Amino acid sequence: MANKVLVADDEIHIIHVVAIKLRNNGYEVIAANNGAEAYDLACRENPDVVVTDYQMPLMTGLELVTKMRTDERTRDIPVILLTARSFAVSQEQQESLGIASCLSKPFSPKELLKTIQDILHQRQLAAKC
Amino acid sequence: MRGRPSTVWIATAAALLALLLAALARVPGTGAAARSGDGLAWLHLAAYGVGAMGVIFLGVGYRRCAGAVTSIATRLSSPEPAGTERDGPRAPGALTEAVDARLARNEAVIQELRGQLRDLQVRSQLAEREKRHTEAILYSLRDAVLVVDGADKLLMANEPAAGLFGFDAGDSRRQPLAEIVGQTQAEFVELLRQSRRTRTEATKREIVIAREDRPHTYEVIVSCVQEDGKALGVVAVLHDVTKEKEVAQMKNDFVSHVSHELKTPLASITAYSEMLADGEANDEETRKEFYAVIQSQAQRLNRLIEDILNISRIESGLIKVRKEQASLTILIQEQLQMIRNYAEEKQITVTAGPPIVYDQVYVDKDMLSQVIINLLSNAVKYTPAGGRVSVGTEVDEAARLARVTVTDTGAGIPAEEIGHLFEKFYRVSANNKLAKGTGLGLNLVKQIVEKVHNGRVFVTSEVGVGSTFGFELPLATAAEVVAV
């Protein structure tokens with residue numbers, strides 16, 4: 001069964017290109033245009049990984065992660081944050097919110113794919129232990 | 001004198017004997033005179049001889065007296081201790097010379113002392129003048145300057161210092177600094193104490209002091225004044241860097257905003273080009289789609305850079321303006337065509353009021369088109385689906401003004417944020433999540449209307465009802481119309 005990735009960004013072109021890259025590599029992709037929509041999808045669809053932009057309408061990426069961490073259904077889902085602002089998220093915030101990785105825009109789809117693969121691999125190893 | 005046979009006494013006795021002999025020789029009837037004429041002659045001779053001896057003895061006595069006087073005078077005038085003189089008493093000429101020499105030396109000393117006195121007076125005047133200059137400089141400085149002594153008591157403070165800490169500069173001299181500036185400035189007082197204790201020269205520190213309007217940041221330079229290793233006091237200069245800090249923060253924000261806005265389209269360009277290079281676009285249609293995205297994002301990037309540059313050029317007065325006579329109605333219709341597709345996508349109705357009779361303005365057409373499209377796209381962007389946007393135009397003949405308004409049924413703007421709307425990169429926090437934006441569009445509108453065309457921008461809004469953005473421009477004058 002394919003791993004499911006939720007991609008949240010208000011830039012439709014970014015969602016499109018990430019979706020193609022992930023689908024070409026065997027992932028199932030669901031998408032949201034803002035933070036609020038992303039949170040609803042995360043609760044309903046239980047994705048294996050969430051890839052979210054930092055700055056989005058209705059709910060920012062950071063607000064989305066914060067909310068996900070308070071909800072039992074989404075607490076343990078690993079999150080990758082895409083940000084165009086350098087140093088937007090401190091190391092402390094990243095650790096306290098359990099953000100698996102921060103990638104700064106412009107990012108490489110290849111790098112994003114590898115990051116997702118690494119995270120899922122680590123989770124599989126952790127599950128076996 | 002006492003140990004020797006007195007020459008003076010011998011001389012005096014000889015003189016008296018001579019006078020007696022002479023008197024006997026002259027008195028008639030006396031024995032000597034009566035005896036014979038030769039006896040009288042001998043008596044005369046003896047008297048003269050004794051008188052001569054007296055004169056000789058008197059001369060010798062005088063010489064000795066003169067020698068004694070000279071010796072006394074020399075001893076009195078000479079710095080040598082008494083008894084050191086070996087050459088014997090000097091002649092009166094030597095005394096005069098010695099006195100003259102001494103007088104000459106004393107005169108030289110007096111002249112030298114007078115010279116030194118004059119020098120000291122000049123130095124004192126210069127020092128006084130320098131002090132006045134220094135005080136004048138200190139008092140004319142906008143920076144606050146405080147000087148305290150070795151016991152942390154105030155020696156001097158200029159007006160800005162007195163104003164800053166709220167004390168009277170004249171009445172507070174010799175008062176402890178801690179009492180003058182108050183408990184709230186403990187950090188500042190401690191800084192001065194520390195400088196004095198450690199004999200530190202020119203330490204720089206930033207402190208925040210509450211003012212009437214807001215907290216101000218001061219760069220404080222404190223320097224311990226020392227003499228022979230002893231701390232005489234401390235000089236503190238406080239420079240208000242609040243404005244510089246705000247400007248630096250604005251610059252940082254600007255760079256942060258610009259980099260964010262530039263990175264967004266750049267992220268798409270980078271991702272799509274990498275996908276093309278890696279052969280991830282599986283068919284021709286997908287490849288074309290990717291190229292189209294790269295092209296549109298490159299154009300977006302270019303527009304953004306143009307907006308930033310235009311604002312910068314207008315602000316610096318370096319923009320090239322090509323004004324010509326133009327019809328406002330035509331310019332508005334052109335931009336309405338541009339926005340219509342976007343409005344339809346969002347199911348927003350866009351309407352324009354009836355054209356006005358005389359709508360000629362003297363403007364840079366490209367710039368004014370930019371103003372109109374920015375106002376229209378903002379209205380559509382912040383109006384929910386099913387809303388309306390209407391464009392109105394009117395002329396104030398008396399004021400010779402054309403007025404354009406763009407009214408929407410959007411989210412509206414809170415009253416406290418309206419004053420900031422035309423600031424660079426400002427975005428209404430409540431509406432920030434409704435749509436993306438750079439916060440440059442309205443600033444560019446204001447720059448073009450007010451700086452380039454001597455017009456005026458305005459806005460009215462009500463939360464939950466909608467907003468009206470607009471601008472006024474002077475109507476084209478007859479001269480401008482003829483010139484075209």
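User: Two strands pair if DSSP finds at least two bridges between them. With that in mind, how many bridges join E9(B) to strand E10 of chain B?

Analyst: Happy to start there, noting that this is a predicted model. Strand E10 of chain B covers residues 401-408 and runs antiparallel to E9(B). One pair of facing residues is B:Gly392 and B:Thr405, the latter in E10(B). The number of bridges joining the two strands is eight.

User: Which residue in the turn between E9(B) and E10(B) has a positive phi?

Analyst: These two strands form a hairpin, with four residues between them. In that turn, a positive phi of about 60 degrees belongs to B:Arg400.

User: Strand E9 of chain B also pairs with strand E7 of chain B; is the sense parallel or antiparallel?

Analyst: Strand E7 spans residues 349-352 and strand E9 residues 388-396, and four bridges link them. In this pairing, B:Thr349 faces B:Arg388 in E9(B). Whereas E9(B) and E10(B) run antiparallel, the sense for E7(B) and E9(B) is parallel.

User: Now the helices: is H9(B) roughly parallel or roughly perpendicular to H13(B)?

Analyst: Helix H9 (residues 284-316) and helix H13 (residues 441-452) of chain B pack with their axes 10 Å apart and an angle of about 30 degrees. An angle under 35 degrees falls in the first of your two classes. The relation of H9(B) to H13(B) is therefore roughly parallel.

User: How many nonpolar residues are in the contact of H9(B) with H13(B)?

Analyst: The helices pass in a left-handed crossing. Residues making the contact include B:Ile311 and B:Ile314 of H9(B) and B:Leu444, B:Ile448 and B:Val452 of H13(B). Three polar and three charged residues also take part, and the nonpolar number is five.

User: Which element of chain B gives the largest share of the side that touches chain A?

Analyst: The contact between the chains takes 20 residues from chain B and 18 from chain A. On the side of chain B, two elements give two or more residues, namely helix H8 (242-277) and H9. By class, that side divides into eight nonpolar, six polar and six charged residues. The largest share, twelve residues, comes from H8(B).

User: What pattern does chain A follow along the sequence?

Analyst: Chain A has 129 residues, of which 40% are buried. Its secondary structure consists of five helices and five strands. Read along the sequence, the pattern is β-α-β-α-β-α-β-α-β-α.

User: And does A:Met1 count as buried or exposed?

Analyst: A:Met1 sits in the segment before strand E1 (4-8) of chain A. Its C-alpha atom is 9.2 Å from that of A:Tyr27, 26 residues away along the chain. Within 10 Å there are 4 C-beta neighbours, and a residue with 12 or fewer falls in the class asked for, so A:Met1 counts as exposed.

Key:
Residues numbered from 1 in each chain as written. Chains lettered and ligands numbered in written order. Predicted model: local features only at pLDDT ≥ 70, side-chain atom pairs only at ≥ 80, totals over all residues. Axes fitted to C-alpha atoms, helices over the stretch in contact; angles between N-to-C directions. Parallel < 35°, antiparallel > 145°, perpendicular 65-115°, else oblique. Left-handed = near helix turned anticlockwise from the far one by under 90°. Contact = placed C-beta atoms within 7 Å. Nonpolar A, V, L, I, M, F, W, Y, C, P; charged D, E, K, R; others polar. Buried ≥ 20, exposed ≤ 12 C-beta atoms within 10 Å, placed from the backbone.
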